[in-house]
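Colleague: I am new to this structure. Can we go through the terms and what stands behind each of them?

Modeller: Gladly. Here is the model.

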Amino acid sequence: MKIAARTVASFHYTLKNEAGEELETSRDSQPTAYLHGSNNIIPGLERALEGHSAGDSLEVEVKPEDGYGLRSPDRIQRVPTKHLIYKGKLRPGMTVQLNTSDGARPVTVVKVGRHSAEIDTNHPLAGQALTFDIEIVDVRPATAEELEHKHAHGPGGHHH
């Protein structure tokens with residue numbers, strides 16, 4: 001079976017930045033599962049996986065605009081530190097969670113003040129060209145429930 005709309009694909013990956021540094025990998029844990037066509041993964045990676053089958057290995061280069069977007073200087077703002085979730089002492093360069101009306105999201109601390117912090121709300125990987133080393137483990141038809149919920153369920157997928 002090939003990866004297409006209404007299928008759930010499971011894959012292992014190793015993610016590297018432009019300098020070739022490994023940023024993360026799934027190879028020490030469960031494969032990542034996603035519902036193809038539901039925008040569950042970055043667009044450039046989803047397009048590259050379409051048409052592939054279990055057992056395929058590929059290297060995918062994703063430009064910033066097809067990944068986490070371009071960096072925007074307008075996305076730096078000052079917020080009260082009480083809206084940030086972190087452990088230890090707040091320091092510039094830390095990635096912390098910002099409580100928003102849509103839930104917690106990662107932000108990078110730029111500058112720390114007494115009661116507030118300047119944060120960068122660009123995704124930490126925004127503006128970077130990324131390389132994914134992919135090994136497709138499984139491709140299966142999506143269940144009716146997965147299609148209704150618009151994401152994969154089970155090992156490597158979303159759990160309720």
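Colleague: How many helices and strands does the chain have?

Modeller: This is a predicted model. The chain has 2 helices and 10 strands. From the N terminus on, the order is β-β-β-α-β-β-β-β-β-β-β-α. The C-alpha trace spans about 55 × 35 × 30 Å along its principal axes.

Colleague: How much of the chain is buried?

Modeller: Buried residues make up 36% of the 160 residues. As for contacts with a separation of 6 or more, 60% of them join residues 24 or more positions apart.

Colleague: Why is Tyr34 called buried?

Modeller: Its relative accessible area is 1%. Buried means under 20%. Tyr34 is therefore buried. Tyr34 lies in strand 3, residues 32–35.

Colleague: Which residues is Tyr34 in contact with, leaving aside neighbours within four places in sequence?

Modeller: Its partners include Ile3, Thr7, Val8, Ala9 and Phe11. Asn40, Ile41, Glu46, Leu49 and Ala152 are also in contact with Tyr34. A contact needs heavy atoms within 4.5 Å. Ser53 is 19 residues from Tyr34 in sequence and 14 Å away in space, C-alpha to C-alpha.

Colleague: Why is Arg6 called exposed?

Modeller: The relative accessible area of Arg6 is 57%. Exposed means over 50%, so Arg6 qualifies. Arg6 sits in the segment before strand 1.

Colleague: What makes the phi of Arg6 worth a remark?

Modeller: Arg6 has a positive phi of about 70° although it is not a glycine. Most residues other than glycine have a negative phi. Asn39 is another non-glycine residue with a positive phi, about 55°.

Colleague: Where is Asn39, and is it buried or exposed?

Modeller: Asn39 is in the loop between strand 3 and helix 1. Its relative accessible area is 66%. The cut-off for exposed is over 50%, so Asn39 is exposed.

Colleague: How do you know that Lys63 is exposed?

Modeller: Lys63 has a relative accessible area of 53%. Exposed means over 50%, so Lys63 is exposed. Lys63 is in the loop between strand 4 and strand 5. Lys63 and Ser26 are 37 residues apart in sequence and 21 Å apart in space, C-alpha to C-alpha.

Colleague: What makes strand 1 and strand 2 a pair?

Modeller: 3 bridges join strand 1 to strand 2. Pairing takes at least two bridges, so these strands pair. They run antiparallel. Thr14 has Thr25 in strand 2 as its bridge partner. The hairpin has 5 residues between the strands, and Gly20 takes a positive phi near 85° there.

Colleague: How do you know that strand 8 and strand 9 pair?

Modeller: 4 bridges join strand 8, residues 103–112, to strand 9, residues 116–120. At least two are needed, so the strands pair. They run antiparallel. Val109 stands opposite Ile119 in strand 9.

Colleague: What is the order of the open sheet of 5 strands?

Modeller: The order is 5-9-8-7-6, with antiparallel pairing.

Colleague: Why are strand 5 and strand 6 called edge strands?

Modeller: Each pairs on one side only. Strand 5 covers residues 76–80, and strand 6 covers 84–85.

Colleague: Which members of the largest nonpolar core touch the most other members?

Modeller: They are Leu45, Leu49, Phe132 and Ile134, out of 19 residues. Strand 1, helix 1, strand 4 and strand 10 each give two or more residues to this core. Strand 10 gives the largest share, 5 residues. A second, separate core of 9 residues includes Val79, Leu84, Val96 and Val107. In soluble globular proteins, nonpolar side chains tend to be buried together.

Colleague: What does Leu45 touch, not counting residues up to four places away in sequence?

Modeller: Leu45 touches Phe11, Val60, Val62, Phe132 and Ile134.

Colleague: Which residues line the largest pocket?

Modeller: Leu45 is one of them, and so are Phe11 and Phe132. The lining also includes Tyr13, Leu15, Glu24 and Tyr68. The pocket has a volume of about 200 Å³. Strand 1 gives the largest share of the lining, 3 residues.

Colleague: How do the lining residues divide by type?

Modeller: There are 8 nonpolar, 2 polar and 1 charged. Glu counts as charged, and Glu24 is in the lining.

Terms used
Residues are numbered from 1 along each chain as its sequence is written. This is a predicted model: local features need pLDDT of at least 70, side-chain atom pairs count only at pLDDT 80 or more; totals for chains, interfaces and linings use all residues. Side-chain values use heavy atoms; hydrogens and water are left out. On a 1 Å grid over the protein atoms alone, a cavity is a set of points where a 1.4 Å probe fits but cannot get out, and a pocket is an open set with protein on both sides within 12 Å along at least five of seven lines; lining residues have an atom within 4 Å of a point. Grid points are joined across faces, edges and corners, and a volume is the space filled by probe spheres set on the points. A nonpolar core is a set of buried Ala, Val, Leu, Ile, Met, Phe, Trp, Tyr and Cys residues joined through side-chain atoms within 4.5 Å. Buried means under 20% relative accessible area, exposed over 50%, partly exposed in between (1.4 Å probe, protein chains only).
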